[in-house]
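Here's a protein to get to know, with the model shown just below. Have a look at it before reading on.

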Amino acid sequence: MGINKQERHRSGAFKQSNKVHKTGRHRSKGSIESEVKGKVEVKALSKRVRRELRKEERKNQAHQIRQKKRDQAFAQKRNLGGYLKPPLLVTVIPLNEDVDVQSTLSLIAGADQDAIVTKSPSGATHVSVPRYKQRFSFIVPPLGNTFATLDTAKVADTILFVVPTLPKSQQSDQAWKAIDDWGEEILAASIAQGLPTTVVTIVDLETLHPKKRQDVKQQVQKSIFKWLPNEKVMPLDKKVDALNVLRRVGSQKQKTVSYRDNRSHLFAEHVVFKSNNNSDAFNNYGTLEVTGYLRGMPLSVNGLVHIPGLGEFQMSKIEAPEDPYPLETRGIKGIPLTNDVKMKKDCISRVLERVDPNLQESLQSENIPDPLDAEQTWPTNEELADAEAEKMRKKIVKRVPKGTSVYQAAWIPDIDGEEADEISDSEYEDNDEMAVDADDSAQLSEDSEEETEDYETMTVTDVAPDEQRYDQDMDMQEEQRSIMKIKEARMDAQFPDERDTPQDIPAKEYFQKYRGLESFRTSLWDPKENLPADYARIYQFENFDRTRKRIMKESVDRVGAMPGWYITVHVTGLSEDLYKAYNMVEEQPLIIFGLLPHEHKMSVLNVVLKRTADDVNAIKSKEKLVFQCGFRRFTTSPIFSQHTSGNKHKYERYFQPNSTVVASMYAPITFSPCPVMCYLQQNDGSLKLVATGSVLSANPDRIIVKRVVLSGYPFKVHKRSAVVRFMFFNRDDINWFRPVQLHTKHGRRGHIKEPLGTHGHMKCVFNGQLKSQDTILMNLYKRVFPKWTYDPYLLTATSYPVDDVQME
């Protein structure tokens, strides 16, 4: 038969297949063309074709962008302390008690002969230097007052640290340090709260021999390098040195402090309190008129302001008086101003803005819960039928702790009415027995007192006089408390969360608020379940981060007094007694911070804290601490939890050294970024910095879970099963906690199979061979909440808390 020529050849199974050409990660031109096949997207047709720039054009564009940014930086630097900007605010902080700050300030003020030096009523020294076309304001906070120094450093544009060369009393003291304890304390606190631009100077260097000056300067530079590694020490002994310091302060780049620059702030140059002269002497309130230069963001009269140590207040109006510290004291057409003209200009003041009652923010910081919020007007027929059926049911009495939810009460065993009566009768019998025992003990004490009347006691000591004098200064009760606290913290670190099961109380009653979790990370926990009553008083955001971004964006476009203006703020509603207590502290500076929306409302504030390196004592949870959260200071008792990801966070009983935790407390809302400092009160009343950190969020839904670990020991082991004892001591407890999963310290997991006997022995099965020296553990959890211990009235570091001031 012949072969059909039209029939095509079919390849067999052994045909050679060549490898596909590799085009890399991108598709080849052929594959793109085969897919497109002439098709064009609609967007490409309607869009304008973008022309690619040539190399010279790209270089020119980059040069223009760079030049524009450079011009903006130069313009910002030229405006520092100029006509349209407030004076550069410089805080002078000595790092040693031997520094004579006033002589240093006099040297800076007299550096330029043409400079105009004036002093404000608040104690600030204003120096106007026409040579540099800049104005400077120098503040000297009181030495030794930590909070006053930190307040002035918050609003300062530059901090001038002054270090001495040698002590004035003894030139050859080998133990002397350039930075003493006060200097190290204020340096650590200033760095923790956010440092602006800094300048470090050394004084009295000219008093040394020329050959020793360089060595001493290098020693001071080495001491400063630990705290400020990028700062160079400048001498400050002559007028030329003072001019160099002024030039450095006025020309260096200003660092941004986010929490301060995002809010309007003002340092008080002049303060006047005008009382309302009310008939009620106990509630006499007045208006505080604070005058100064506004910095940061615009200030609206309808908002709220915060004064550290005094609280939050409303404003009635904002005025704009004449600037009493101009760059050049010239009148109209170059005629110098006389004293009479100056007095007339000081009296000139125009009102910038008055408060609008419809737009003014309220001072209400807590929500007022409505107890009838969930009440209904009239029950439905179905609810009436359910009520009748409920009456027909047998009444059951349950002994549950206060605040137990219905879900948790369902797990508690029922007690009938007869059993409840028996329990009450037994309680009465126990009370009678206790009364009889009390009578017997009273009779024994009377007999012992009659016997001791026949004797005389005398105290004889063999302690040496020096040792006795040392023991007199020691508080033995405080020593015992410290020993117990250290032991408990050490046990918590070695055996975290382990708890002994009580033998006199059933474990199902003792741990009835706790529950078992199959997985701490993935098990569900409703954040709205069984909330305390204090949660009805606080506020919560639907999305904290989104609200924070929106408020920060709107604060730039706020209408009101602009930064750089010399204004007078009328603060209303200030108690006269509180203001007198505030003025009792000498040279206490007064600053004002404008609050962002919602920053006066209470919520659950979560802050991240890290222990300082020099503090080695553990801090117990719910211990009273002093917090400085940005511009606000208060005392409270926080609870600590682990700083981890997830929706549940383990409760920490102690804030251990060299650790990081999250402290949760009831406090006013504060938007991040914002630094946080934590102080602990010592026995002598002083405060010690124990932790630093920042604001995490204001989230009441943060679930803080307290863990309790019950431990047992294997009595008999056979492969994967074992008899465990000492975890429980009765059969009912074993049956109650039977669904909870077990685990061992060596990584085995298992469950309770059945109880054995009536004394707490139980048979357990594990997923592997159990070792005889292993320990069986059971984890129980319950949610914990902070206590309402917020106290905002903290005036100074030496007089806290303020108990003498009574606030309405």
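What follows is a quick tour, from the whole chain down to single residues.

This is a predicted model, in which local features need pLDDT of at least 70 and side-chain atom pairs count only at pLDDT 80 or more, while totals for chains, interfaces and linings use all residues. Residues are numbered from 1 along each chain as its sequence is written, and side-chain values use heavy atoms, with hydrogens and water left out.

**Confidence**

- The protein chain has an average pLDDT of 79, pLDDT being the predictor's confidence in each residue, from 0 to 100.
- A pLDDT of at least 70 is reached by 77% of the residues.
- Residues 331-347 stay under 50, and the model gives them 10 contacts beyond four places in sequence; a contact means heavy atoms within 4.5 Å.
- Residues 415-464 also stay under 50 in pLDDT, with 12 contacts beyond four places in sequence.

**The chain as a whole**

- You'll find 19 helices and 32 strands in the protein chain; these are DSSP runs numbered from the N terminus, with helices (H or I) of at least four residues and strands (E) of at least two.
- Of the 808 residues, 41% are buried, where buried means under 20% relative accessible area, exposed means over 50%, and partly exposed is in between (1.4 Å probe, protein chains only).
- Among contacts with a separation of 6 or more, 77% join residues 24 or more positions apart.
- The accessible surface is about 49600 Å², and carbon and sulfur atoms hold 50% of it; the areas come from the Shrake-Rupley method with a 1.4 Å probe, and for residues only the protein chains shown count as cover.

**Nonpolar cores**

- In soluble globular proteins, nonpolar side chains tend to be buried together.
- A nonpolar core here is a set of buried Ala, Val, Leu, Ile, Met, Phe, Trp, Tyr and Cys residues joined through side-chain atoms within 4.5 Å.
- The largest nonpolar core has 38 residues, and V607, L609, F627 and F671 touch the most other members.
- Elements giving two or more residues to this core include helix 17 (544-556), strand 17 (602-611) and strand 26 (687-698).
- Beyond its neighbours within four places in sequence, V607 has contacts that include V661, M665, V676 and L696.
- Another core lies apart from that one, with 30 residues, including L150, A153, I159 and V200.

**Aromatic rings**

- Rings of Phe, Tyr and Trp (its six-membered ring) pair if their centres lie within 6.5 Å; planes under 30 degrees apart are stacked, over 60 edge-to-face, and the rest tilted.
- By that rule there are 19 aromatic pairs.
- F147 and Y679 make an edge-to-face pair, because their ring centres are 5.7 Å apart and their planes are at 85°.
- That pair links distant parts of the chain, with F147 in helix 5 (residues 146-155) and Y679 in strand 25, 532 residues apart.
- F147 counts as buried at 0% relative accessibility, and Y679 counts as buried at 2%.
- F634 and Y790 have ring centres 5.2 Å apart and planes at 50°, so this pair is tilted.
- F634 sits in strand 20 (residues 632-636) and Y790 in the segment after strand 32 (776-783), so the pair ties together parts 156 residues apart in sequence.
- Both F634 and Y790 are buried.
- One aromatic cluster is made up of Y535, Y666, F785 and W788.

**Charges over rings**

- R515 lies over the face of W525, 4.2 Å from the ring centre; the rule asks for NZ of Lys or CZ of Arg within 6 Å of the ring centre and within 35 degrees of the ring normal.
- R611 has its charged end over the ring of F655, 5.2 Å from the centre.

- Most residues other than glycine have a negative phi, and most peptide bonds are trans.
- Going from S672 to P673, the peptide bond is cis, with omega near 5°, and P673 lies in the loop between strand 24 and strand 25.
- K133 isn't a glycine, yet its phi is positive, at about 55°.
- You'll find K133 in the loop between strand 3 (125-129) and strand 4 (134-139), and its 57% relative accessibility makes it exposed.
- D204 also has a positive phi, near 60°, and is located in the loop between strand 6 (197-202) and helix 7 (210-225).
- With a relative accessible area of 30%, D204 is partly exposed.
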